[in-house]
Amino acid sequence: MYKQIICFVLAAIIVMPTVAFASEASKYTYAYNEWGIPIPSPDAYRVSAYIIGQHLQFNGESIGAFRTPQDIHVYENLLYLADSGNNRIIILQFLEDTSFEVVDIKTYAFIDGEPSGFNNPHGIFVSPWQYNKGQIYIADTDNQRVLHLDENWNVINEILHPGIHGISLLDENSDFLPTKLAVDFSGRLFVQTRHVNRGLMEFDRYGVFAGYMGAPPVEVSIVDQFWRLIATPEQRERMLLNVPVEYTNLSIDHEGFIYVTTASENVEPVARLNAMGEDVLIRNGWSHPVGDLDWGMGADRTGPSELAAVTAFENNSFVVFDRKRGRLFAYDQQGQMLYAWGNPGNREGFFTTPAALDSMGYTLFALDAGIGGNAASLTRFDLTEYGALINEALDMYQRGLYEESYDVWNDVLRINGNFGLAYIGIARAMLREGHYREAMHYFRLQNDYRNYGRAFTFYRRIWLEQHFWIFALGLGVLIVVPPVVKKVKKVRKEIAES
């Protein structure tokens with residue numbers, strides 16, 4: 001009896017660390033392998049600041065709790081937060097040591113010198129471009145306007161319902177409810193508007209409505225087309241219309257491309273739009289950038305991810321924010337998942353209602369709108385050594401430093417030997433350096449057949465060039481030897497007969 005108890009205790013001690021690791025890893029960072037299986041990985045980001053309104057001071061007094069904040073925007077070392085339910089814009093200054101302070105709170109702008117208050121502002125953007133650097137754009141949602149301000153918060157332009165500008169593509173009787181916005185280097189303004197599914201509303205630098213841009217395409221299945229073809233008019237009216245969906249958020253990268261997200265299962269959940277509104281996002285990963293690939297049902301959450309926000313880095317990698325499960329997913333410029341982390345919850349590093357995402361360098365800021373006006377927070381994430389190495393390798397590869405990126409990817413593998421993208425990164429570096437056979441080996445390790453085929457094509461070409469003399473010699477032998485043998489046989493026969 002005692003022997004059985006001792007054996008049971010020893011078995012429990014051996015098993016417990018493994019079980020604890022799996023449980024903790026599922027709460028934090030993981031990545032999917034080539035088979036679509038989630039694999040725990042080291043943390044790429046760590047929480048360096050968890051900010052709630054009650055803890056912030058301005059002029060010696062608490063600013064009070066955030067109330068359903070909807071947007072954030074980083075400009076240099078400042079972060080602008082649209083505290084929508086409180087009708088205010090909070091400006092925070094962040095320093096490299098992760099410290100911060102409130103530098104200003106704005107509740108109104110000036111129109112001809114007179115204050116004009118905000119009403120549930122949902123979006124803010126501060127231009128980084130030389131053309132209008134430092135100018136501020138606010139989606140003042142319930143005032144049904146977009147405000148274009150100078151650095152002193154004086155209104156340069158007040159953009160109202162497009163019909164007022166003489167263009168009636170938007171129904172005159174509908175409300176103009178701008179929620180998110182971005183401005184490109186030429187001054188073009190792109191606005192996401194509630195209840196508008198034709199894409200982003202585009203305004204020129206003078207605030208004149210120019211039309212719609214980048215409506216997400218919706219595919220209609222053959223079965224749906226067949227039933228619609230044979231249905232009666234009454235049945236067609238009752239059928240679900242296959243119309244474009246609304247975007248959930250947008251941001252603009254350093255090259256002027258617009259990233260947009262949707263929460264629909266019928267379209268790509270994240271896209272990168274060029275100036276013509278065409279999706280140019282590269283999707284060469286094991287799967288498309290869609291968030292979670294494997295999901296169960298827990299806490300009343302089931303089904304695919306619903307992306308609520310996106311931000312891009314200068315190396316063209318990007319991060320999306322899943323509002324269904326409070327997770328963040330990072331992808332490289334090829335659309336390959338790097339890592340994912342987060343979960344639903346009310347504590348540090350967890351989220352209840354993801355609302356917005358932005359970056360300062362590689363530092364991330366994630367905004368949680370909270371539930372019912374409670375638990376709203378702003379979280380700052382900074383890279384760990386592991387995450388910094390991954391981004392360093394991606395930077396080097398993009399700059400053409402392939403040999404150097406090879407060394408950094410090996411450093412990544414020393415921390416996490418299960419990180420498949422490091423093998424692909426090494427293979428890409430070798431491919432660029434002309435080491436095709438070695439590249440084939442690493443691509444094969446990750447079942448990357450597309451790139452393996454590319455490497456094999458180059459390797460075959462080089463091999464044929466190097467060994468062409470063998471084929472030439474063989475061909476020559478086939479051409480020359482038979483006539484010589486035939487001639488020799490003929491001469492020997494003639495000699496023998498004589």
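In the hairpin of S17 and S18, six residues lie between the strands, and His195 among them takes a positive phi near 70 degrees. Strands here are DSSP runs of E with at least two residues, helices are runs of H or I with at least four, and both are numbered from the N terminus. The structure is a predicted model, in which local features need pLDDT of at least 70 and side-chain atom pairs count only at pLDDT 80 or more, while totals for chains, interfaces and linings use all residues. Residues are numbered from 1 along each chain as its sequence is written, and side-chain values use heavy atoms, with hydrogens and water left out.

Two strands are taken to pair if DSSP finds at least two bridges between them.

S16 is joined to strand S17 (residues 189–193) by five bridges, and the two run antiparallel. Across this pair, Ala182 stands opposite Phe190, and Lys180 has Gln192 as its bridge partner. The hairpin of S16 and S17 has five residues between the strands, and Gly187 takes a positive phi near 95 degrees there. Six of the six residues of S16 are buried, so this strand is largely enclosed by the rest of the structure. Buried means under 20% relative accessible area, exposed means over 50%, and partly exposed lies in between (1.4 Å probe, protein chains only).

S17 and S18 are antiparallel and joined by three bridges, with Phe190 opposite Glu202 in S18. In a regular strand the side chains alternate between the two faces of the sheet. In strand S18 (residues 200–203), Leu200 and Glu202 point one way and Met201 and Phe203 the other way, and all are buried. S18 also pairs with S19 in the antiparallel sense, over four bridges, and Leu200 has Met213 in S19 as its bridge partner. Five residues separate the strands in the hairpin of S18 and S19, where Gly207 takes a positive phi near 85 degrees.

A further open sheet of four strands has the order S6-S7-S8-S9, with antiparallel pairing. Its edges are strand S6 (71–75) and strand S9 (100–106), each with a single partner strand, so one side of each is left without a neighbour in the sheet. Strand S7 (residues 78–83) and strand S8 (residues 88–94) run antiparallel and are joined by six bridges, and Leu79 stands opposite Leu92 in S8.

Salt bridges were also counted, each defined as a side-chain nitrogen of Lys or Arg within 4 Å of a carboxyl oxygen of Asp or Glu. By this rule the count comes to 18. Glu76 forms a salt bridge with Lys133, with the closest N and O atoms 3.6 Å apart. Glu76 lies in the loop between S6 and S7 and Lys133 in the loop between strand S12 (121–126) and strand S13 (136–140), so the pair ties together parts that are 57 residues apart in sequence. Glu76 counts as exposed at 52% relative accessibility, and Lys133 as partly exposed at 37%. Arg272 and Asp253 meet in a salt bridge at 2.9 Å, N to O. This pair links strand S22 (residues 270–273), which holds Arg272, to the loop between strand S20 (249–252) and strand S21 (258–261), which holds Asp253, 19 residues apart. Both Arg272 and Asp253 are buried. Asp140, Arg145 and Glu158 are linked in a network of salt bridges.

Helix H6 (residues 420–433) has 14 residues and should span 20 Å at 1.5 Å a residue, which agrees with the 20 Å between its end C-alpha atoms; the expected span is 1.5 Å times one less than the number of residues. H6 is mostly covered, with 11 of its 14 residues buried, including Gly420, Ile424 and Arg428. After H6 comes Gly434, whose phi is positive, near 90 degrees.
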